[in-house]
2 protein chains.
Amino acid sequence: MRHFKKTDFPVSQIRRFLEPGPIVLVSSAWKGQTNIMTMGWHTVMEFSPSLVGCVIAASNHSFDLVKGSRECVINVPTLELARTAVGIGNCSGRDVDKFKEFKLTPVKATKVKAPLIAECYASLECRLHDARLVNTYNFFIFEVVKAHAATSPRNPTTIHYRGDGAFMVAGRSISLRRLFRPDYL
Amino acid sequence: MRHFKKTDFPVSQIRRFLEPGPIVLVSSAWKGQTNIMTMGWHTVMEFSPSLVGCVIAASNHSFDLVKGSRECVINVPTLELARTAVGIGNCSGRDVDKFKEFKLTPVKATKVKAPLIAECYASLECRLHDARLVNTYNFFIFEVVKAHAATSPRNPTTIHYRGDGAFMVAGRSISLRRLFRPDYL
C-alpha cells in the first residue's frame with residue numbers, strides 16, 4: 001500500500017481536509033497500547049486555535065485510549081483504504097492490534113504519542129482542548145497542534161459515508177474563487 | 001431553478017445527507033424576519049434523538065435569528081445552487097432579503113417557523129437541543145424533529161467546501177455493504 005510523502009501543513013488551514021466531510025482514521029496510544037478507529041462524525045470548529053469536534057462512542061476501545069491520553073491523530077484516508085476502513089470498524093482494539101492486522105505503518109508523531117498512519121493522505125496531531133461534552137454526547141473538542149499532508153495529488157480522493165454500507169467518493173474539484181468577497185475567502 | 005419534490009424521511013437516518021459533509025443552507029425566522037446562511041461546519045452527533053452540531057458564527061445575522069427563535073431548518077443544496085450558496089455567504093441578512101435576492105422559494109415547515117427551501121434536495125427541521133457551547137464556540141446542538149427529502153435522484157450531487165473558493169463535487173457512489181458486520185450497518 002502506498003505511503004504518502006507528507007510535509008508540514010498550517011494547522012489553521014486544516015479545514016481543507018476535514019470540511020469536505022471524509023471518513024477519517026483516528027489513531028491513539030495509551031499505556032503501551034495503540035489503536036485505530038474509523039470515524040465519520042466530525043466538524044471543524046475554529047481556525048485559530050485550530051479546533052475540531054468529533055464523536056467517539058464510549059463503546060469503542062479508542063474512547064478509553066483517547067480519554068486517558070487526552071490525545072489522538074486524525075488521519076485522512078483515500079479510496080485505496082476504503083475496505084481497510086470498513087475492516088477497522090468491524091473489530092475492536094480490545095481483541096486485535098489494528099496496525100498489524102491491517103498492515104498499516106505507524107509513524108512517530110511530533111507533539112503527541114499517538115502514531116501517524118503512513119498510508120493516509122493527511123495526519124493531524126490533536127490534543128484534547130475541551131471535554132465538557134464527553135460525558136453527555138461522547139463529543140471531544142481537539143486542538144490540532146501539528147499537521148502533516150501530502151502535496152500530491154493536489155486533491156485527495158477521499159471517501160464519505162452515507163450509512164448502510166454506502167459511500168460517496170470525492171468527485172471533481174471546482175473553483176468559485178472569483179465569486180467570493182475577497183475578505184470572505 | 002428546479003424544485004425538489006420531497007417526502008417524509010426518518011429523522012434517525014439523516015446521516016445519509018449530512019455525514020458526507022456537504023455545505024448546507026440554514027434558514028431561520030424570528031420576529032417577522034427570515035434569513036439564510038451558508039454553513040460548512042456541522043456534524044451528526046446521535047441517531048436518536050437525531051442530533052446535529054454546528055457552528056454559526058456570532059457575526060452572522062442568522063446567529064441572532066437562530067438563537068432568538070431556538071429553531072432553524074438545515075437545507076442540503078446540490079451543484080445547481082453552488083453559485084447561489086456563495087452569493088448567500090457574501091452578504092448579510094441585515095441588508096438583504098435573501099429569499100428574494102436569490103430567488104429561493106420558502107415553504108412552510110411542519111414543526112418550526114423557519115421555512116424550508118424548495119430548491120434544496122433535503123430539508124431538516126431543527127429545534128435547539130443544547131446551547132451549552134454557544135457562548136464559547138458558537139456551537140449549537142440541534143435535534144432534527146422532522147425531515148423532508150427528495151427520492152430522485154437517489155444520490156444528490158452535493159457540494160463540499162475545501163476553503164479558498166475551492167469545492168469538491170460529490171462523485172460516484174460505491175457500496176461496501178457486504179464487508180460490514182451486519183449489526184454495524
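A salt bridge is taken here as a side-chain nitrogen of Lys or Arg within 4 Å of a carboxyl oxygen of Asp or Glu. By that rule, two salt bridges cross the interface of chain A and chain B in this predicted model. In one of them, R177(A) pairs with D164(B). Their closest N and O atoms lie 3.0 Å apart. Polar contacts between the chains were also counted. They link 29 residue pairs, both residues at pLDDT 80 or more.

Strand β12 of chain A, residues 166–175, supplies the largest share of the side that touches chain B, with ten residues. By class, that side of chain A holds 27 nonpolar, 15 polar and 13 charged residues. Strand β12(A) is joined to β12(B), residues 166–175 of chain B, by seven bridges. The two strands run antiparallel. Within this pairing, I174(A) stands opposite F167(B).

The interface as a whole involves 55 residues of chain A in contact with 55 residues of chain B. Together the chains bury about 5400 Å² between them. Carbon and sulfur atoms account for 57% of that area. In chain A, the residues that lose the most area to chain B are W41(A), Y137(A) and R162(A). Together they make up 16% of what that side buries.

The arrangement of the copies was then examined.

Conventions: Residues are numbered from 1 along each chain as its sequence is written. Chains are lettered from A and ligands numbered from 1 in the order in which they are written. This is a predicted model: local features need pLDDT of at least 70, side-chain atom pairs count only at pLDDT 80 or more; totals for chains, interfaces and linings use all residues. Side-chain values use heavy atoms; hydrogens and water are left out. Contact means heavy atoms within 4.5 Å. Buried area is the accessible area (1.4 Å probe) that two parts lose on being put together, summed over both. A polar contact is a pair of N or O atoms within 3.5 Å; within protein, one must be able to donate a hydrogen and the other to accept it, and residues adjacent in sequence count only if both atoms are side-chain atoms. Helices (H or I, at least four residues) and strands (E, at least two) are DSSP runs, numbered from the N terminus. Ala, Val, Leu, Ile, Met, Phe, Trp, Tyr, Cys and Pro count as nonpolar, Asp, Glu, Lys and Arg as charged, and the others, Gly among them, as polar. Two strands pair if DSSP finds at least two bridges between them.
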